[in-house]
Amino acid sequence: MGRRDRIPYSVVGPDGLDEGEGGLDDLRRATETLPGAGFLWVRLNDPDGSTVAEALELLGLSTDGVEAAVEPHRRPSVEIQGNTWRFVFKTLWYVEDTRQVETGDFVCYTDGRMVLTVRHGGSDPTGAVVNRISSDEEVRAEAGWGVLYGLLDNIVDRYQVAVEDFEDDVQDLEKEVFSEERTELIAPIYMLMREGLEFTSVVRPLVPFARQVIRGNVRVDELARPGFRDVAEHILRVSTTLDSTMSLLQAVLQAHNSQISLWQNNDMRKISAWAGIIAVPTAVAGVYGMNFTNLPGLHWAFGYPLVLAVMVVICLFMYRGFKRSGWL
Amino acid sequence: MGRRDRIPYSVVGPDGLDEGEGGLDDLRRATETLPGAGFLWVRLNDPDGSTVAEALELLGLSTDGVEAAVEPHRRPSVEIQGNTWRFVFKTLWYVEDTRQVETGDFVCYTDGRMVLTVRHGGSDPTGAVVNRISSDEEVRAEAGWGVLYGLLDNIVDRYQVAVEDFEDDVQDLEKEVFSEERTELIAPIYMLMREGLEFTSVVRPLVPFARQVIRGNVRVDELARPGFRDVAEHILRVSTTLDSTMSLLQAVLQAHNSQISLWQNNDMRKISAWAGIIAVPTAVAGVYGMNFTNLPGLHWAFGYPLVLAVMVVICLFMYRGFKRSGWL
Amino acid sequence: MGRRDRIPYSVVGPDGLDEGEGGLDDLRRATETLPGAGFLWVRLNDPDGSTVAEALELLGLSTDGVEAAVEPHRRPSVEIQGNTWRFVFKTLWYVEDTRQVETGDFVCYTDGRMVLTVRHGGSDPTGAVVNRISSDEEVRAEAGWGVLYGLLDNIVDRYQVAVEDFEDDVQDLEKEVFSEERTELIAPIYMLMREGLEFTSVVRPLVPFARQVIRGNVRVDELARPGFRDVAEHILRVSTTLDSTMSLLQAVLQAHNSQISLWQNNDMRKISAWAGIIAVPTAVAGVYGMNFTNLPGLHWAFGYPLVLAVMVVICLFMYRGFKRSGWL
Amino acid sequence: MGRRDRIPYSVVGPDGLDEGEGGLDDLRRATETLPGAGFLWVRLNDPDGSTVAEALELLGLSTDGVEAAVEPHRRPSVEIQGNTWRFVFKTLWYVEDTRQVETGDFVCYTDGRMVLTVRHGGSDPTGAVVNRISSDEEVRAEAGWGVLYGLLDNIVDRYQVAVEDFEDDVQDLEKEVFSEERTELIAPIYMLMREGLEFTSVVRPLVPFARQVIRGNVRVDELARPGFRDVAEHILRVSTTLDSTMSLLQAVLQAHNSQISLWQNNDMRKISAWAGIIAVPTAVAGVYGMNFTNLPGLHWAFGYPLVLAVMVVICLFMYRGFKRSGWL
Amino acid sequence: MGRRDRIPYSVVGPDGLDEGEGGLDDLRRATETLPGAGFLWVRLNDPDGSTVAEALELLGLSTDGVEAAVEPHRRPSVEIQGNTWRFVFKTLWYVEDTRQVETGDFVCYTDGRMVLTVRHGGSDPTGAVVNRISSDEEVRAEAGWGVLYGLLDNIVDRYQVAVEDFEDDVQDLEKEVFSEERTELIAPIYMLMREGLEFTSVVRPLVPFARQVIRGNVRVDELARPGFRDVAEHILRVSTTLDSTMSLLQAVLQAHNSQISLWQNNDMRKISAWAGIIAVPTAVAGVYGMNFTNLPGLHWAFGYPLVLAVMVVICLFMYRGFKRSGWL
Ligand SMILES: [Mg+2]
Ligand SMILES: [Mg+2]
Ligand SMILES: [Mg+2]
Ligand SMILES: [Mg+2]
Ligand SMILES: [Mg+2]
Ligand SMILES: [Mg+2]
Ligand SMILES: [Mg+2]
Ligand SMILES: [Mg+2]
Ligand SMILES: [Mg+2]
Ligand SMILES: [Mg+2]
Ligand SMILES: [Mg+2]
Ligand SMILES: [Mg+2]
Ligand SMILES: [Mg+2]
Ligand SMILES: [Mg+2]
Ligand SMILES: [Mg+2]
Ligand SMILES: [Mg+2]
Ligand SMILES: [Mg+2]
Ligand SMILES: [Mg+2]
Ligand SMILES: [Mg+2]
Ligand SMILES: [Mg+2]
Ligand SMILES: [Mg+2]
Ligand SMILES: [Mg+2]
Ligand SMILES: [Mg+2]
Ligand SMILES: [Mg+2]
Ligand SMILES: [Mg+2]
Ligand SMILES: [Mg+2]
Ligand SMILES: [Mg+2]
Ligand SMILES: [Mg+2]
Ligand SMILES: [Mg+2]
Ligand SMILES: [Mg+2]
Ligand SMILES: [Mg+2]
């Protein structure tokens with residue numbers, strides 16, 4: 001980052017929030033003039049590694065594993081290095097039109113007082129949290145942990161929205177599969193499975209963290225607060241719903257597969273019934289087309305209409321029979 | 001909640017139970033006049049979050065995570081916050097007519113003396129427990145833990161009923177699948193799977209809690225009592241039966257799938273046998289329909305009946321052959 | 001239980017065993033006159049809850065969870081309440097004729113000296129153990145633990161017999177599936193799966209107990225004895241064999257499913273080969289049935305036999321060709 | 001065992017190995033004259049329970065669970081009773097000709113100084129170890145643990161050989177399945193699965209023991225030696241390869257199943273193409289076989305050859321079309 | 001190894017790196033003249049066991065389990081023997097042309113100061129690390145741990161590349177499966193599964209090690225450094241992606257299987273539609289081919305063209321009908 005790039009940051013004191021924006025020098029000044037009871041939150045968008053390292057150093061946070069913050073497609077994880085907590089989460093949302101799961105990367109470093117967040121792609125969870133901080137004294141009192149909680153809550157709430165939309169689409173698909181109408185749905189079922197697997201790979205790595213928070217096994221008191229338990233609860237709930245929905249999709253695919261076999265059988269029987277119906281007059285006509293001199297009826301006045309009527313009657317009987325047996 | 005909404009509550013002393021109903025002010029008075037050896041049980045139906053918070057505060061219970069109590073579709077869980085236990089259970093029952101699993105939400109807060117229960121939808125497990133308390137001195141002596149046990153027992157007993165009804169329906173389906181009659185049952189099998197998955201997502205999150213109770217690993221002595229062990233036993237039993245029934249359904253679907261393939265084969269053979277039978281007279285007739293001058297038999301007196309008889313005999317032989325080989 | 005129902009019991013001293021039978025009063029007398037080095041074993045058949053409670057109290061055993069003993073379809077479990085061990089096992093046997101797994105319920109309460117066993121349905125494992133006690137001094141010396149071991153050993157040995165019979169039937173089925181003969185075996189495979197699942201739901205809940213015994217993690221010394229290890233070993237072995245056999249059944253079903261597809265293909269090819277063979281003379285006859293004035297051969301002396309011979313020869317060639325390619 | 005049966009045993013001192021053979025009396029004498037720095041190894045083949053018990057007692061080893069040593073089809077396990085370690089392993093080898101996994105039983109009792117091995121069926125791993133002991137001073141110095149290690153190493157090395165042969169056969173099968181040639185392979189795939197499951201049921205029970213050895217969690221120092229780690233490593237490697245190969249077989253079966261569906265489709269299309277080709281001249285011939293007075297062309301000189309030519313040309317065009325579309 | 005084989009090694013001091021090459025004698029001299037703050041790294045390519053043993057002894061490293069280093073197809077593992085860490089990793093890369101996973105063996109022994117690496121086949125990760133050491137003072141300061149980290153990082157980074165290429169190919173396959181075009185892809189799907197299973201068997205054994213590093217449960221401080229955490233993170237990420245991709249492949253195979261059934265159905269319907277269309281004129285022609293004297297129309301001037309027109313019209317109507325219903 002050049003010295004002249006402008007980074008947004010917030011200086012928060014007990015009484016309110018000052019939004020700032022500036023280069024690293026401005027940032028240094030902000031840390032130096034930070035009131036005792038306040039905290040600082042710096043927000044980076046798609047930075048390179050050296051910017052993150054400089055910012056971390058400036059904020060007195062551990063720079064260990066800093067390269068990780070600029071790598072794309074990080075695995076969600078929660079780690080402590082010295083006084084610094086690093087939360088790597090993926091932002092995730094579900095595009096209903098395309099039935100696609102989309103993801104971005106989000107990293108939050110904090111020691112409780114200084115906060116650095118790094119966003120790569122995806123939607124931005126920081127806006128809502130800035131508002132909450134500026135309007136809610138209690139959140140300000142929680143300092144860095146309040147920011148962290150706000151961010152996680154925001155991100156995880158979106159998982160909840162996404163999993164519900166995903167569930168909806170699975171249910172829509174299910175309705176289509178079991179509707180009266182015959183539609184081939186192999187690709188749509190597969191595509192939902194695919195997105196479900198992508199979703200799962202975002203949520204599953206967070207489950208052990210969530211379990212620890214709920215059991216109270218986390219090393220810092222702050223994370224034992226109800227807010228974090230709520231986030232953890234959400235993660236577990238999303239994970240459970242996701243697993244259950246994936247099992248459903250699996251069952252839908254199996255059932256659809258059986259349906260396809262059944263369609264084939266029904267079509268084959270319908271085809272065969274019609275083939276059988278037309279085979280009879282063909283055979284009868286063949287018989288009367290034989291060149292026997294003494295074939296009775298050939299020279300009768302009503303021979304032809306009689307035979308024709310017999311053909312039609314047989315066909316009608318067969319038709320009725322097939323209708324009754326369900327083949328037609 | 002307006003001050004004027006009327007909440008049902010029970011004041012319970014060693015000698016009996018007083019049913020009351022009133023606003024939060026009445027409630028406050030009840031807590032202040034509560035006899036030393038007694039306890040208080042407040043019951044809310046579909047309250048909003050602030051009512052729950054006020055009631056909790058009034059009863060001296062922790063309000064942490066209170067928003068959770070008004071959120072729909074909570075994940076079942078058991079948590080301790082300070083002196084307060086929070087049990088989130090789902091009420092569940094099985095509608096036999098529609099083969100649907102239906103669920104409601106139920107939360108119970110208690111410190112052993114004060115009890116607050118919150119119900120959202122679903123059937124009401126409190127009535128039976130109120131009766132038990134008013135009639136059974138021993139249950140009254142257990143105070144809040146007695147109420148809690150009664151509620152859980154009631155809720156979990158219904159799981160048991162539901163899982164048995166579910167099992168019954170799976171067995172009915174199984175009988176249909178393997179009956180003589182040929183019925184397509186893909187959708188019914190799937191629909192039962194679906195409900196089974198919904199059921200599982202209610203019961204599975206309770207299994208770790210049940211295991212802890214049975215191992216005696218829970219942090220409060222009260223939960224080690226036989227009553228709670230019985231509840232835990234029920235949860236495990238329901239969970240086991242459910243898993244086993246789901247495996248059965250899976251096997252039924254696989255077997256049904258194989259049946260459909262087999263039906264297809266049988267139908268195809270039946271169709272082909274008939275097609276074969278009719279192809280023979282058609283071919284013979286074709287032969288005698290050829291315009292050869294010297295085709296022997298054409299001008300014989302019994303040429304035609306003879307050929308006709310030959311056709312019929314061949315058809316009969318073929319019919320018998322197909323019958324014997326099982327194709328017809 | 002009426003006071004006049006007669007309960008069988010055994011008073012066992014170092015020197016031998018006294019078989020008795022009587023009401024609860026007789027039982028009380030027996031407990032009071034029990035020699036110091038002896039023990040008492042009371043056996044109830046299909047008792048109601050109050051009888052069990054009275055008997056437990058009389059024997060100085062914990063009545064906690066006594067209702068559990070009269071509930072049908074208990075989940076197998078092992079529990080300690082105060083000085084009292086409660087073992088809930090299911091008796092299980094395999095009926096070879098119907099290929100059905102049958103189960104009964106069996107509960108054993110003991111503090112090492114007093115033993116109460118409760119049986120609901122199923123076969124009776126007590127007879128063999130009574131004999132063993134009366135004939136073997138060493139078993140008598142083990143008192144209640146000897147009885148318990150004898151019972152568990154007897155029950156679990158029957159699991160072993162059952163799992164072997166089950167394995168046998170799976171192997172019989174496997175042989176049928178892969179025999180030369182074509183038999184549809186969907187229902188039999190499914191039915192064995194079903195019984196296997198029932199079997200599994202009896203054995204699986206005992207596996208954690210068995211593991212603990214083998215690791216020596218059980219809280220009472222007595223259970224660390226070789227006899228109990230042997231029981232535990234048997235449980236694990238039965239469980240392993242069962243899992244393996246179920247996997248086999250699953251594979252058999254998959255393979256059978258593929259077979260059915262293959263049969264269909266073979267049948268279809270056979271049908272088509274015959275249809276092809278008969279279509280050729282039909283077409284040829286059609287050609288010579290055309291009403292052209294100048295159709296060569298129609299008026300030749302050997303026109304008809306020639307054409308007929310050609311038809312037959314073509315059919316024979318086709319037949320040979322299809323035979324060679326394996327379609328016929 | 002009669003007093004006169006002759007049991008092979010080895011008396012091992014620092015300087016070498018004395019092979020002996022004799023009854024229990026000879027054995028007793030050998031234990032009594034055993035030099036301080038030496039050890040004794042007794043080898044029983046298919047003994048009955050009492051012989052094993054007598055031999056154990058004679059060697060000062062625990063006779064707990066001795067019946068287990070004569071039971072067939074033991075589950076592999078590792079147990080300690082007092083000073084005595086009991087290793088129950090299964091010997092296993094793979095018969096390439098029949099693609100069969102064959103197993104035997106092998107039990108080794110040792111307190112580090114005295115060793116008793118019991119073999120039931122299967123190949124004999126003792127010969128190689130006797131040789132190693134007599135030729136390698138270092139192995140002699142390890143006394144009983146050296147013997148034990150040698151035996152386990154020998155047994156587990158054969159697992160390795162077996163799993164490689166098994167893998168080879170799976171790869172052969174895979175090649176056949178995906179070869180150009182069309183071969184039905186349902187039964188061979190299933191048969192390999194079956195043997196794989198048998199193999200797994202031998203190896204899987206040893207995995208927890210192997211894990212413990214590698215983590216150094218075993219209770220006796222001797223087992224922490226590199227040799228035992230190597231055995232443990234082998235067990236884990238065999239187990240991993242086995243699991244992976246079984247997954248492969250599962251995938252092969254699925255793929256083969258899809259192939260069978262595909263064959264069916266291809267055959268059906270080929271059949272239909274030929275049926276379509278022959279249907280056209282049949283229909284055309286039918287048209288010219290109609291008895292219309294004024295059917296044009298019937299009386300032309302080249303009517304018949306023209307129509308015949310048209311038929312042939314249509315057939316050729318259809319043939320080419322079907323060839324191009326891949327139906328033929 | 002003969003005394004004259006030349007082994008490459010590096011002598012590293014605070015100021016830089018000396019590349020050497022020589023026999024074991026040269027190596028001995030190098031260890032003896034190694035400066036206090038430096039370290040030595042010896043690199044063996046496809047050595048035999050005795051060379052490895054001699055080299056380990058020379059470097060003062062534990063020779064326990066040395067045979068393991070020369071065995072092919074080692075299972076990845078991490079072990080400590082005395083002061084010596086042994087890392088067995090597999091080098092792995094993905095050949096895009098053949099869609100094949102290829103693997104080599106790599107073992108690293110170190111006590112932090114002395115390093116011995118052994119390579120069998122596969123690509124060589126040492127080159128890049130030698131460069132890094134010679135150019136980066138900080139890496140030199142980490143001595144043996146820096147070498148180890150560099151190697152693991154290099155190896156695991158290649159896993160990442162491989163898993164991404166693998167994912168790419170799965171996505172390509174997926175696109176082909178769900179493209180408009182109909183292609184049979186059973187074998188390619190299976191082949192990718194196969195390589196994925198090989199990949200998994202390399203990565204999965206490393207997962208427990210990675211988990212321990214991230215939890216900080218490893219016994220040596222050095223491994224708690226950020227670098228190793230990064231390696232561990234990569235392993236977990238690769239493992240997660242691999243599992244997810246394998247699930248995807250499984251779903252692709254299922255979906256493709258359903259597709260094949262569907263193709264069959266579509267083909268069958270198309271075939272039948274054409275068969276039905278041609279059956280109608282055949283039947284009509286048969287009717288007019290009957291030899292009735294009074295068959296109306298036979299002698300009309302426009303009888304033939306009329307009937308022909310009727311045939312054509314019926315065929316066209318049928319064609320349109322089939323087109324509309326999607327059968328054609
Ligand atoms: Mg996506
Ligand atoms: Mg939230
Ligand atoms: Mg929606
Ligand atoms: Mg939608
Ligand atoms: Mg539909
Ligand atoms: Mg919430
Ligand atoms: Mg099929
Ligand atoms: Mg429902
Ligand atoms: Mg109950
Ligand atoms: Mg019912
Ligand atoms: Mg019902
Ligand atoms: Mg049926
Ligand atoms: Mg109960
Ligand atoms: Mg049964
Ligand atoms: Mg036994
Ligand atoms: Mg039998
Ligand atoms: Mg049998
Ligand atoms: Mg067969
Ligand atoms: Mg036994
Ligand atoms: Mg075998
Ligand atoms: Mg070995
Ligand atoms: Mg081989
Ligand atoms: Mg072979
Ligand atoms: Mg092939
Ligand atoms: Mg080895
Ligand atoms: Mg490969
Ligand atoms: Mg890296
Ligand atoms: Mg690529
Ligand atoms: Mg590619
Ligand atoms: Mg395609
Ligand atoms: Mg990295």
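Which residues coordinate the magnesium ion (ligand 8)? The points below answer this and then turn to the strands, the domains and the chains.

1. Basis of the note. This is a predicted model, in which local features need pLDDT of at least 70, side-chain atom pairs count only at pLDDT 80 or more, and totals for chains, interfaces and linings use all residues. Residues are numbered from 1 along each chain as its sequence is written, chains are lettered from A and ligands numbered from 1 in the order in which they are written, and side-chain values use heavy atoms, with hydrogens and water left out.

2. The magnesium site. Val101(B) through O, Glu195(B) through OE and Glu198(B) through OE coordinate the magnesium ion (ligand 8), at 2.5 to 2.7 Å. Donors here are N, O and S atoms within 2.8 Å of the metal (3.2 Å for Na, K and Ca); water is not among the atoms, so sites may look incomplete. Along the chain, the donors of this ion follow the spacing V-x93-E-x2-E. Helices (H or I, at least four residues) and strands (E, at least two) are DSSP runs, numbered from the N terminus.

3. Val101(B) is buried, with a relative accessible area of 2%, and Glu195(B) is buried at 1%. The term buried means under 20% relative accessible area, exposed means over 50%, and partly exposed lies in between (1.4 Å probe, protein chains only).

4. Strand S1 of chain A. Six of the seven residues of strand S1 (residues 7-13) of chain A are buried, and the strand is mostly covered. S1(A) runs antiparallel to strand S2 (residues 16-22) of chain A, to which seven bridges join it; two strands pair if DSSP finds at least two bridges between them. Within this pairing, Val12(A) has Leu17(A) in S2(A) as its bridge partner. Two residues stand between S1(A) and S2(A), which form a hairpin. S1(A) also pairs in the antiparallel sense with strand S3 (residues 39-45) of chain A, over four bridges. There, Leu40(A) in S3(A) stands opposite Val11(A).

5. The sheet of chain D. What is the order of the strands in the open sheet of chain D? The seven strands follow the order S2-S1-S3-S7-S6-S5-S4, with mixed pairing. Strand S2 (16-22) and strand S4 (77-81) of chain D stand at the edges, each with a single partner strand, so one side of each is left without a neighbour in the sheet. From one strand to the next, the twist averages 20°. Ile80(D) has Trp85(D) in S5(D) as its bridge partner.

6. Helix H1 (residues 24-32) of chain D lies across S1, S2 and S3 of chain D, running at about 10° to S1(D). Helix H3 (residues 126-135) of chain D packs on the sheet and touches S1, S2, S3, S6 and S7 of chain D, its direction making about 165° with that of S3(D). Axes are lines fitted to C-alpha atoms, for helices over the stretch in contact, and angles run from 0 to 180 degrees between N-to-C directions.

7. Domains of chain A. The domain assignment gives domain 1 (3-259) and domain 2 (260-325); such bounds come from an automatic or database domain assignment. The centres of the two domains, taken over C-alpha atoms, are 71 Å apart. Eight residues of domain 1 of chain A are in contact with six residues of domain 2 of chain A, where contact means heavy atoms within 4.5 Å.

8. A residue in chain E. Asn154(E) has its place in helix H5 (residues 143-177) of chain E. Is Asn154(E) buried or exposed? Asn154(E) is buried, with a relative accessible area of 13%. Not counting residues up to four places away in sequence, Asn154(E) touches Pro125(E) and Ala128(E).

9. Relation of the chains. A rotation of 72° with 0.1 Å of shift along its axis superposes chain B on chain A, with an RMSD of 0.1 Å. The two copies are thus related as by a five-fold rotation axis. Copies are superposed by least squares on the C-alpha atoms of residues with pLDDT of at least 70 in both. Chain A and chain C do not touch, and their nearest C-alpha atoms are 9 Å apart.
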